[in-house]
Amino acid sequence: MSDAMLHAVGQDPDDFAVQIADSIESFIVATTEVAKGDEPDSAVPFLLLEVSQLLLTGGRLGAHEDIVPDERYEPDTGPDVDVDDLRERFAVLLDPIDVFSEVFDPYEPRKAPVPSRISDSLADIVTDLRHGLAHYRAGRTTEALWWWQFSYFSNWGPTASATLRALQSLVAHVRLDQPLAELDGLDTDEDLTDDVLAEEAGKVMVEEIAGPLGLRRAR
């Protein structure tokens with residue numbers, strides 16, 4: 001089924017499921033277009049907008065009562081679509097600001113920040129969303145909503161929140177004309193402490209990334 005045929009004619013656009021599915025499909029289409037690299041000058045601001053809008057959808061799912069699937073076991077949707085190409089395209093597009101540090105659970109005390117990659121995060125989010133979209137396109141609306149709500153709490157929600165924070169911080173560094181600490185060279189498979197993160201911070205200045213990423217500094 002093509003994207004244009006996602007919804008049957010006559011579906012209520014005010015319906016909760018239709019709105020959620022539309023928002024999720026819009027995010028997938030938009031981020032896939034950004035990853036092509038045709039407009040690198042607007043990549044970061046556009047991703048900031050798209051992730052922000054996706055988290056509004058996630059907030060609606062999170063505030064909704066628990067969605068109970070129709071069947072006890074999840075129907076098979078087939079293999080998930082490979083996102084390695086999407087991940088690699090974002091890694092190239094966002095170099096050298098792909099790596100950022102985050103704390104997974106702000107309520108868990110004394111946890112050191114860990115390095116993550118925006119490219120990995122976006123690919124993981126798209127994988128979760130596409131899985132639910134497969135259910136939706138197959139007519140299993142409740143199953144799709146259950147999956148999107150469950151994975152919002154367990155995976156794509158926290159991942160999107162951390163990614164949004166990284167994108168917002170990047171834009172803020174540029175607009176406020178502040179030096180940007182470099183995490184280039186960090187291995188995301190390593191267990192790094194605060195001291196190591198600080199030691200790896202480089203001297204990359206905002207000016208070096210503002211132009212290529214379509215960001216303007218504050219006057």
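Author: Just after α5, Asp177 takes a positive phi of about 55°. The model is a predicted one, in which local features need pLDDT of at least 70 and side-chain atom pairs count only at pLDDT 80 or more, while totals for chains, interfaces and linings use all residues. Residues are numbered from 1 along each chain as its sequence is written, and side-chain values use heavy atoms, with hydrogens and water left out.

Helix α5 covers residues 141-175, where helices (H or I, at least four residues) and strands (E, at least two) are DSSP runs numbered from the N terminus. Although α5 has 35 residues, its end C-alpha atoms are only 42 Å apart, short of the 51 Å that a straight helix would reach at 1.5 Å a residue; the expected span is 1.5 Å times one less than the number of residues. At Tyr152, α5 bends by about 75°, the bend at a residue being the angle between axes fitted to the seven residues ending there and the seven starting there.

Also in helix α5 is the place of Thr163, which is buried because its relative accessible area is 0% (buried means under 20% relative accessible area, exposed over 50%, partly exposed in between, with a 1.4 Å probe and protein chains only). The side chain of Thr163 reaches the backbone oxygen of Thr159 at 2.8 Å, a polar contact being a pair of N or O atoms within 3.5 Å, of which, within protein, one must be able to donate a hydrogen and the other to accept it, and residues adjacent in sequence count only if both atoms are side-chain atoms.

Helix α2, residues 43-63, packs with α5 at an angle of about 145°, the axes lying 8 Å apart; axes are lines fitted to C-alpha atoms, for helices over the stretch in contact, and angles run from 0 to 180 degrees between N-to-C directions. The crossing in which α2 passes α5 is left-handed, meaning that the near helix is turned anticlockwise from the far one by less than a right angle, whereas clockwise would be right-handed. By class, this contact of α2 with α5 has 17 nonpolar, eight polar and no charged residues (Ala, Val, Leu, Ile, Met, Phe, Trp, Tyr, Cys and Pro count as nonpolar, Asp, Glu, Lys and Arg as charged, and the others, Gly among them, as polar).

For comparison, helix α1, residues 16-35, has 20 residues and reaches 29 Å from its first C-alpha to its last, close to the 28 Å expected.
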